[in-house]
Amino acid sequence: MRAKNSAIADSSVAVGTSRRQDTEPGPTTPGGGAGTATRHTDTRSAGADPAVTRPLGAGPADPGALPRGHRLRVGGTLQAALGVTAFSLTFPATAWGLEGFGPWSLVAVRSALAAVIAGVCLLVLRVPLPGRRHWAGLAVVAAGVVLGFPMLTTLALQTSTTAHAAVVVGLLPLTTALCSALRMGTRPSRTFWAAALAGAAAVLAFTVTQSGGSLTTADLYLFGALLVCAAGYTEGGRLARVMPGWQVIGWALVLCLPLSVLGALLALSYEPTQLTAHSVAGLLWVAAGSQFLGLVVWYRGMAAIGIPKASQLQLAQPLLTLVWSVLLLGEQLTPAAPLTAAAVLVCIAVTQRSSA
């Protein structure tokens, strides 16, 4: 009798141990709860013995991990795509703005509005001032991205079509890569240089052909815009290693605020202004969409999916601008415009692959 009781006790201990293993809390799920109930339910639904536990990390035993990573990738891709879309609308929006504002007024008011938006965000989030050693780099970003590129492209769009400007500025990733190589002291491969030169030759041939055999003043503005923006992007990329990218452009905008306000007051007093739906919409977009919010979602997207994948999305920017120029401005594209844009896209893809 005593032996029988002992056997029953041993059996109870064994069953109790089995149940404790089955109900032992697993790793915390993204929702904050333990994986106990889910693992128990999965085991029963599979028809297995409830006492047998699934090894940690095997298959679906870590519920929500894959969906969460998938959501992060999808969200990052969408944000980066929104940034590229915002940038692709810059030239059509600038053309709209020029319908009611002079070039100097448009650039100055645009920078001032963007600086106000950035300043409010920095204040609300209580972002501390950058270190003194970073202000020189921020000045380069401000000169290239906040002032130089908008000013030169706006002057160019007075006489150039947005499609023509989009093809020329499609060289910006290559120009930035070259500027970065010089600034950082890197040595790109021969394939990189060959693709970069091929892209530059394609754009140069396009501009000369479209301009009747010689470069126009608008082309010179656009090539100047490439250089100053590449310098600003390069310095901004260097600063983005020590502070979030949106703060880089935010502080660069704030740095230009006194000059932007003064320039806006002077320009508005000398240049005629006619407020229309197009001009106001264009101004608001280039100020809020292109120069600040577009950069915010772009940097957030890059942080989520990585720079290489995000940069692949940016290859579509010139082609998107060509689409907007037709849909929003009614421009007629020559066959050379999309062909040259596609050629530049291929060259950029080769440079990125060779430097990966």
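## The overall picture

How many helices and how many strands make up the secondary structure of this protein? The count comes to 15 helices and zero strands. Keep in mind as you look around that this is a predicted model.

The protein has 356 residues, and buried ones make up 40% of them. Its accessible surface comes to about 18,600 Å². Carbon and sulfur atoms account for 66% of that surface.

## Contacts along the chain

Now take the contacts between residues at least 6 apart in sequence. Of these, 82% join residues at least 24 apart.

Find helix α5, residues 103-124, and helix α11, residues 245-270. Their axes come within 6 Å of each other and cross at roughly 140 degrees. Angles over 145 degrees would count as roughly antiparallel, and 65 to 115 as roughly perpendicular, so α5 is oblique to α11.

The crossing of these two helices, α5 and α11, is left-handed.

## A covered helix

Next, look for helix α7, which spans residues 162-169. Is helix α7 mostly covered or mostly uncovered? Helix α7 is mostly covered, with eight of its eight residues buried.

Conventions:
Residues are numbered from 1 along each chain as its sequence is written. This is a predicted model: local features need pLDDT of at least 70, side-chain atom pairs count only at pLDDT 80 or more; totals for chains, interfaces and linings use all residues. Side-chain values use heavy atoms; hydrogens and water are left out. Axes are lines fitted to C-alpha atoms, for helices over the stretch in contact, and angles run from 0 to 180 degrees between N-to-C directions. Helices (H or I, at least four residues) and strands (E, at least two) are DSSP runs, numbered from the N terminus. Angles under 35 degrees count as roughly parallel, over 145 as roughly antiparallel, 65 to 115 as roughly perpendicular and the rest as oblique. A crossing is left-handed if the near helix is turned anticlockwise from the far one by less than a right angle, and right-handed if clockwise. Buried means under 20% relative accessible area, exposed over 50%, partly exposed in between (1.4 Å probe, protein chains only). Contact means heavy atoms within 4.5 Å. Accessible areas come from the Shrake-Rupley method with a 1.4 Å probe; for residues, only the protein chains shown count as cover.
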